[in-house]
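I opened this notebook page to record a search for disulfides. The entries below follow the order in which I looked them up.

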Amino acid sequence: PCSVPYPGDTLTLKMFSGVSSLLVLVIALLCTAQGLPKPGDPCSVPYPQTCGASELLDETITPTDKYGPNVCIYNETYEVMTYSYAYRQLVCFSPRFCLPPLCSPTTACNRLSNVTVSRLACCRGYAVSPSSDNDDFGFDFEYDRRSGDRRSGGNRGCPIVLKKNVVDCLGAQNLSDFKALLDTLPSLTSLLSNTAYHYTILAVANSPSIDSAVNSLLASDVSTRTKALSRQIMNGTVASKYLTHGRVYPSLLSSDNVHVTAVYARRSADQVFVDGVHVLNPDACVAVNGIVHVINRFVPAASGSVASILRTRPEFGIFNALAQAAGITPYLEFMSPKTVFAPTNDSFPAGALECLKATRNRQTLLNIILLHITWPAEYTSTLSLRTAIGTAARLNLLVESAPNGTVYLTRNRIPITKRDIQATNGVVHGISRVIFGRIEYLRICPTRSAPTPAPTSAPLQGPVVFSGGAMEELVHSIGNQLPSAQGAAI
């Protein structure tokens, strides 16, 4: 017995069943009568599945103006290794009646085939605009905003003429000071001239303000010069459209990264900074093996991770001891970009170290530390363009910039006294007062007459383990890279 979702006329069902069986029988008899190939016989298909390396045998390049200037049609023939194909029996209704065998790939990768591919791309020596949104096809299309259709008359094609290499770009942009430094390092120049690899150069513009830095590097040894210039070079081609807020890119120095901070404005042009250095002319020159951006000064060298800066600089000793007690020092070693506003030792009230490390004040200590951490790397050059920034404590800090360049935080106008201490994973700023926010410090730690002793170099007994997922909240706040806090401003 069986059932169907929609039972119909009995006679109709019997007729359909009989016709189906008869049709299968006729197909099987015809296949047997025609003597089709047997399972295991070799066969071929128009587009075999590749399984090995390919080699270009022939290439024909034909210019076309249908998609804009300098667009070409590339017809390429490759010799590729493919799987061998053989017939396989897949469907049988009985030992004597089967459907025709199908041509299927085997496990043997031993057949050479020629495959021709046709594609559209920029002609040799040309490229799309670096700000283009279309990288896949090599040229741009314009779209009708109402219908969404592609307009053939608005194609911009490939208007950029490529330089031979990024070193030639430096000469074409008249970046003579930077190029003079590079010319003193033949090995680095040879590396950047190799078109087999791609690079992005952050080249310093000619300016009297950098003359002293250039002269100092010219007078230094080869190792110092190589390290300084390698800090200005990123691996790969990074166009300006990829220099977005919070992005991190590796430099030629394996231990250093380049941190991008962007200030997006509604009524003026967006401004982009790399490690706090303003990008004056993004996408200034495009070469076969990379791109050059022009910046206004040298990218600063890093002094270690954020955690190592707090650990090695004595003026941040109390804040470092409190950060260790709060258990967030491992986070300060992570490579995700971050900013720490570190109060100096003399900014803490008397007895703050012992009071905040007490067991009863564990959660208060964590909340205070989180008020001094934000994401991503924010330098004084970018803070001066902002009005508020978020913190890991989910409160916003008001930011104010004075005409003399001093940057103040919170409504209490706490000044940044030690600016832009570069780290491999962010930046540290020294501030002259502790940010307590809405925490009533005097209620928790009454003022004592005895001064706060400086922390010793002896290691702590172990970080405090907070209940309630305090560390998970920290990772959620900063690890998820929240650009602004959710709470009110202080």
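I began with the link of C72 and C123, which is right-handed, with 95 degrees about the S-S bond. C72 lies in strand β3 (residues 71-88) and C123 in the loop between β4 (102-122) and β5 (126-127), so the pair ties together parts that are 51 residues apart in sequence. I noted the sulfur atoms of C72 and C123 as 1.8 Å apart. I took a disulfide to be a pair of cysteine sulfur atoms within 2.5 Å.

I recorded that the model is predicted: local features need pLDDT of at least 70, side-chain atom pairs count only at pLDDT 80 or more, and totals for chains, interfaces and linings use all residues. Residues are numbered from 1 along each chain as its sequence is written, and side-chain values use heavy atoms, with hydrogens and water left out.

I used DSSP runs for helices (H or I, at least four residues) and strands (E, at least two), numbered from the N terminus.

I then searched the whole structure and found 6 disulfides.

Next I looked up C169 and C285, whose torsion about the S-S bond is about -70 degrees, so this disulfide is left-handed. C169 is in helix α2 (residues 166-172) and C285 in strand β14 (residues 277-287), so the pair ties together parts 116 residues apart in sequence. Both C169 and C285 are buried (under 20% relative accessible area; exposed is over 50%, partly exposed in between; 1.4 Å probe, protein chains only).

Last, I noted that C355 and C445 form a disulfide with sulfur atoms 1.7 Å apart.
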